[in-house]
Amino acid sequence: FEARIGEVTVVLGRNGVGKTTLLKSLMGVVKVKSGSIVLDGQDLTNAPPYERVRKGVGYVPQGREIFGRLTVEDNLRMGLASKPGGTQIPPELFELFPVLKQMIRRRGGDLSGGQQQQLAIARALAAGPKLLLLDEPTEGIQPSIIKEIGRVIRLLADRKTMAIVLVEQYYDFAAELADQYLVMERGEIVMRGRGRDMEADGVRRRISI
């Protein structure tokens, strides 16, 4: 499949079909046995994860995986690890997620689940990715924060500076954001189409069987 700049490509499917493995493969955490991964004309199929970050891949893993003992500021600086020393945290991150500025000195582990998710997304955005991979960002998050995360994802896509691949179980959230959808079963893409056609195509029924 192709994830286009300025679009949200949503990946749906029941538990255990390979959605998270797909994102880990794109990030280089899991090696692929066949096929290729190309970003902006550059073949990254065999590149290590740190090289993919340098080339423009940002990854927000399932479960957030922030550094609980580090402050919010230090977590964001970790997102800049591929940049030259002294690179400043982009002020835009605090515009997208104002709560992070308020809690800049707090340890990541002291934040709520929703705040940790915002921190994880901001950390991935710090390096200015061309491709943003999001693995179930709504998992265990309160509704008000889900709405805020959805707003940010749409805003990022509409800026036309990156492609976004979103793995999601929450159908309504996915349908609201999807420009393109993919449905997976047993490690394969079995349905695809435009986000506006998800209901007519019977995607909700397909993933709930």
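The lining of the largest pocket divides into 17 nonpolar, 7 polar and 5 charged residues, where Ala, Val, Leu, Ile, Met, Phe, Trp, Tyr, Cys and Pro count as nonpolar, Asp, Glu, Lys and Arg as charged, and the others, Gly among them, as polar. The model is predicted, so that local features need pLDDT of at least 70 and side-chain atom pairs count only at pLDDT 80 or more, while totals for chains, interfaces and linings use all residues. Residues are numbered from 1 along each chain as its sequence is written, and side-chain values use heavy atoms, with hydrogens and water left out.

**Largest pocket**
- About 810 Å³ of space lies in this pocket, the volume being the space filled by probe spheres set on grid points that are joined across faces, edges and corners.
- Of its 29 lining residues, F1, L22, L26, S36 and I37 are the closest to the centre; a pocket is an open set of points on a 1 Å grid over the protein atoms alone, where a 1.4 Å probe fits, with protein on both sides within 12 Å along at least five of seven lines, and lining residues have an atom within 4 Å of a point.
- Helix 1 (19-27), strand 2 (38-39) and strand 6 (163-167) each supply at least two residues of this lining, and helix 1 gives the most, with 4 residues; helices (H or I, at least four residues) and strands (E, at least two) are DSSP runs numbered from the N terminus.

**Second largest pocket**
- This pocket holds about 620 Å³ of space, and of the 25 residues that line it, M27, V53, V57, Y59 and M78 are the closest to its centre.
- Two or more lining residues come from each of helix 1, helix 2 (49-55), strand 4 (57-60) and helix 6, with helix 2 giving the most, 4 residues.
- The lining is made up of 14 nonpolar, 5 polar and 6 charged residues.

**Nonpolar cores**
- Among the 49 residues of the largest nonpolar core, L125, L132, I164 and V203 touch the most other members, a core being a set of buried Ala, Val, Leu, Ile, Met, Phe, Trp, Tyr and Cys residues joined through side-chain atoms within 4.5 Å.
- Helix 7 (residues 143-158) gives the most to this core, with 7 residues.
- A second, separate core of 19 residues includes I37, L39, L44 and Y59.

**A buried glutamine**
- Q118, which lies in helix 6 (residues 113-125), counts as buried because its relative accessibility is 4%, where buried means under 20% relative accessible area, exposed over 50% and partly exposed in between (1.4 Å probe, protein chains only).
- Leaving aside neighbours within four places in sequence, Q118 is in contact with F97, V99, L100, I145, E148 and I149, contact meaning heavy atoms within 4.5 Å.
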